[in-house]
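Colleague: I'm new to reading protein models. Could you walk me through this one, feature by feature?

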Amino acid sequence: MSILELRKAGIRFGGLRAVCDLDLSLPEGCLYGLIGPNGAGKTTVFNLITGIYLPTEGDILFQGKSIVGMGPTRIAAAGIGRTFQNIRLFSGLSVLDNVKVAFHRHLHANLFEAVLRAPRYLADEARADAEARQLLDTFGLLPMAEYGAESLPYGLRRRLEIARALATKPKLLLLDEPAAGMNPSEADELMHLIRWVRETFGVTILLIEHHMAVVMGICERITVLDHGARIAEGTPDEIRKDPVVIEAYLGTDVHTQVTA
Amino acid sequence: MADASPPRPAPISLRGTLLGYLAFAVAIAAVWGIDVYAVPWTDPYLTDIVIRIGMALLAVMGLALVLGFTGQFSLGHAGFMAVGAYAAAMMSLHSGLHPMIGVLVGGFAAAVAGVVVGLPSLRLTGDYLAVVTLGFNGIIIVLIQNAPVLGGAAGLTGLPVATTFGWTFTWVLLGGLFIRNLLTSAHGRVFEAVRDNEIALRSLGVDTTRAKVVAFVVGAFWAGIAGGLLAHYRASIFPSQFQFDRSIEILAMVVLGGTGSLSGPLLSAAVLTALPEVLRPVAEYRMVIYSLLLIGMMILRPKGLLGGKEISDFFRRRPAAKKEAA
Amino acid sequence: MTLFLQQLINGLSLGAIYALIALGYTMVYGTLQLINFAHGEVYMMGAFAALYLARFLGVDTNPTIPGVIVVAVGAMTFCAVLGMTIERVAYRPLRRSSRLNMLITAIGVSLLLQNVGLLAFGALQSFPSLLPEAKWQIADGLALRSQDVLTFSVTIALMLGLHHIVERTQIGRAMRAVSHSRDTAALMGIPVDRVVSFTFAIGSVLAGAAALLIALDKHTIRPDMGMTGGLKAFVAAVLGGIGSIPGAVAGGLLLGLAETFVSGYLASTYRDAIAFLLLIGILLYKPSGLFGKSTVEKV
């Protein structure tokens with residue numbers, strides 16, 4: 001059964017059709033890639049799924065139910081986590097607090113209990129603290145827990161953003177160009193991390209990526225977007241050989257880029 | 001780099017909490033001790049300045065929460081003080097209850113006003129909030145001026161005088177504890193996350209509008225308390241006390257003290273309230289000085305004097321270098 | 001009916017003033033995404049500049065048409081220089097810092113000018129009649145004053161001029177490009193700083209004109225007129241859709257009419273609250289304003 005399904009989903013900005021007639025079906029537990037040239041509308045697809053944009057056409061189903069119009073907060077609460085292309089950490093908070101914020105939804109104590117430091121709040125806080133530290137530990141970030149999030153080097157910020165998204169216990173995780181700005185060895189490390197996250201946390205992952213090595217190396221299925229429309233869908237091997245995809249990437253040395 | 005937030009003390013323990021309560025009780029006792037044994041022998045002029053500092057502290061701590069920590073630009077803080085002041089005054093004039101009950105009612109009235117103003121405008125981006133709160137401040141004044149029952153432009157007189165040193169600083173301690181504990185709780189984290197990146201916060205399933213409204217309402221409540229105390233300080237209140245320039249004054253105190261700091265704004269509130277008293281010739285040019293300070297501070301040191309730190313951070317033994325990641 | 005028409009004339013006259021000031025807010029917002037709180041104070045300073053210039057030239061006691069024109073041009077030039085100076089000194093150093101910081105600075109500048117005005121000019125001053133004033137009785141209870149005619153004609157002339165500049169000239173094209181995207185415009189070789197400066201100059205000239213018109217109409221000027229006038233004009237700009245030039249005009253007229261009709265038919269004391277009630281209403285139902293495009297936040 002598919003955990004996420006886009007049915008002829010699309011959005012126009014004025015006259016521009018940023019995404020149109022997009023069908024996408026993510027089997028539960030898969031690691032799915034979304035690729036395409038710059039400006040193909042990949043991030044827009046993420047914004048449609050997470051409710052930041054309202055689709056002007058079509059439907060989006062998560063676990064069989066339409067999530068169109070629910071808004072980013074409720075969609076996230078329903079179990080869709082994400083990271084951003086331009087990392088969006090809470091720069092004024094520590095690494096630990098960045099993760100603890102994600103537990104806010106699971107807080108039992110109310111505002112007054114929090115202010116009065118009532119036992120229920122202390123229990124909440126202790127639990128959030130323990131879970132956050134454990135999560136940071138699995139991501140190798142525990143030694144930096146007390147540092148300001150801004151002080152982390154780039155690669156660790158990406159890791160922290162993924163850890164934070166996982167703290168909401170999502171069933172579906174959307175990663176927007178996690179390897180952007182990384183060198184080949186860092187990208188390779190990230191590839192293992194993503195695979196490991198899927199195994200460890202049992203999430204379905206939808207991935208936007210430019211690093212072909214990463215996409216081809218870990219995704220089980222791939223959809224290729226160009227000009228907001230799907231031009232190909234299939235396994236990495238099929239995509240590699242697809243003449244339409246090669247056509248879309250024309251202008252650069254296509255074959256090496258796709259097969260690299 | 002190093003100017004990221006200071007590391008927060010790790011989870012609040014039960015022992016720390018109990019010690020905190022104990023310290024609070026001692027502080028309250030000290031305030032009343034001073035009220036009974038020191039104030040009667042103190043120069044009334046000095047007492048006057050100290051009480052006015054106390055009221056400024058209450059007004060400023062709310063805005064420090066809303067502006068400094070949550071990043072919401074409210075320009076109508078004096079409007080909430082007005083609501084609190086008039087609600088408290090009406091209680092005292094017509095109910096016969098203790099004036100401090102009136103002050104509490106004033107706080108709640110201001111909180112209700114905070115919901116009414118905050119709900120529609122906090123859904124929008126910051127600029128709109130600035131204008132709506134400014135407008136709210138204006139509307140409140142117009143409404144009071146046109147309400148005979150509230151004394152119109154001439155204001156209300158004959159209110160019971162009850163704002164003593166003891167009561168003022170009891171409220172200051174309560175407010176300080178409330179806001180400090182709120183900021184160091186899970187809610188405080190969310191407020192700062194709202195300020196830093198609203199979109200990311202929503203992607204974590206946190207209702208950001210709700211968080212903003214909560215901060216706004218808490219800020220309004222303490223402004224209302226400040227207003228209620230003001231109403232019972234000089235036995236009279238009038239609408240022009242709560243005009244826009246008063247809001248700006250509170251804003252200046254927060255911004256100069258440092259956005260993202262609680263003790264910074266409190267310190268600057270105390271200094272800026274006392275300064276015109278100490279330097280008499282300054283009084284006339286007070287607003288000119290505030291505005292020059294605001295402009296200069298934004299250009300030279302945009303995060304305010306304390307730059308997002310608390311006074312206690314400067315005395316901490318672990319220096320900021322600890323935060324530098326490998 | 002005559003009452004209605006009379007209110008219509010009064011409302012449009014007031015609305016024209018709001019529209020002129022609102023244009024300055026909307027143009028600056030278009031280029032810098034900044035609510036230039038100091039704009040109202042530029043308008044106030046324009047009125048006092050006109051007063052002191054008229055006194056200096058003796059136009060107040062011996063008004064002549066060329067003299068009045070010199071006063072008008074002088075006041076508008078003063079405003080332009082003031083507006084550009086504010087931008088240069090207070091806003092430009094903050095071009096890359098957060099919007100909150102710019103907003104606080106704008107409030108600081110506004111407060112500074114207002115309080116300097118208060119110290120320098122006192123609470124209020126009367127403004128001389130520089131032009132002959134007439135009142136034409138059209139019907140019973142319906143009169144047209146020369147001041148209204150002046151306001152209408154000057155406003156229309158200025159708006160045509162503005163339209164020409166924005167739509168037909170090189171600098172106008174550059175202004176539109178900058179308001180579309182400052183960074184892209186800079187990459188295209190548009191001198192963004194000059195364009196921003198020019199935008200402040202144009203907006204301030206319009207505010208100066210509005211100040212003179214209101215001074216010639218009401219004959220009292222006050223250092224706090226920028227506060228109330230500016231705020232309402234800002235509301236007018238939001239009403240029309242901030243960033244939109246036709247929106248500012250429509251918003252100004254709408255607000256002028258709303259205020260006049262409410263104070264004419266209901267209670268004049270609530271007049272100052274109208275602007276903000278309209279503001280809250282529009283924010284609830286159509287935050288992008290009447291003419292505004294809803295913007296999508298880039299993620």
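Modeller: Axes here are lines fitted to C-alpha atoms, for helices over the stretch in contact, and angles run from 0 to 180 degrees between N-to-C directions. Helices (H or I, at least four residues) and strands (E, at least two) are DSSP runs, numbered from the N terminus. Keep in mind that this is a predicted model, where local features need pLDDT of at least 70 and side-chain atom pairs count only at pLDDT 80 or more, while totals for chains, interfaces and linings use all residues. Residues are numbered from 1 along each chain as its sequence is written, and chains are lettered from A and ligands numbered from 1 in the order in which they are written.

Colleague: Is the crossing of α4(B) and α9(B) left-handed or right-handed?

Modeller: The general idea: a crossing is left-handed if the near helix is turned anticlockwise from the far one by less than a right angle, and right-handed if clockwise. The crossing of α4(B) and α9(B) is right-handed.

Colleague: Which residues meet there, and of what class?

Modeller: Contact means that the C-beta atoms of two residues, placed from the backbone, lie within 7 Å. On α4(B), the residues include G102(B), G106(B) and A110(B), and on α9(B) they include F216(B), A220(B) and G224(B). Ala, Val, Leu, Ile, Met, Phe, Trp, Tyr, Cys and Pro count as nonpolar, Asp, Glu, Lys and Arg as charged, and the others, Gly among them, as polar. This contact has 15 nonpolar, eight polar and no charged residues.

Colleague: What about where chain C touches chain B?

Modeller: There, 32 residues of chain C are in contact with 30 residues of chain B. On the chain C side, α4 (99-121), α9 (225-240) and α11 (271-285) each supply at least two residues. The largest share, 13 residues, comes from α4(C). By class, that side has 24 nonpolar, six polar and two charged residues.

Colleague: Now sheets, please. What is the strand order in chain A?

Modeller: Strands of a sheet pair through backbone hydrogen bonds, either parallel or antiparallel. We call two strands paired if DSSP finds at least two bridges between them. Chain A has an open sheet of four strands in the order β2-β1-β4-β5, with antiparallel pairing. At the edges stand β2 (16-27) and β5 (65-66) of chain A, each with a single partner strand, so one side of each has no neighbour in the sheet. Strand β4 (residues 57-62) of chain A pairs with β5(A) over two bridges, and F62(A) has K65(A) as its bridge partner. Helix α1 (residues 42-49) of chain A lies across β1 (2-13), β2 and β4, at about 70 degrees to β2(A).

Colleague: Is V196(C) buried or exposed?

Modeller: Count neighbours: a residue is buried if 20 or more other C-beta atoms lie within 10 Å of its own, exposed if 12 or fewer, and partly exposed in between, with C-beta atoms placed from the backbone. V196(C), in helix α8 (residues 192-218) of chain C, is buried because 23 other C-beta atoms lie within 10 Å. Leaving out residues up to four places away in sequence, V196(C) touches T31(C), L32(C), E87(C) and V178(C).

Colleague: And how much of chain C is buried?

Modeller: Of its 299 residues, 52% count as buried. Chain C has eleven helices and four strands.
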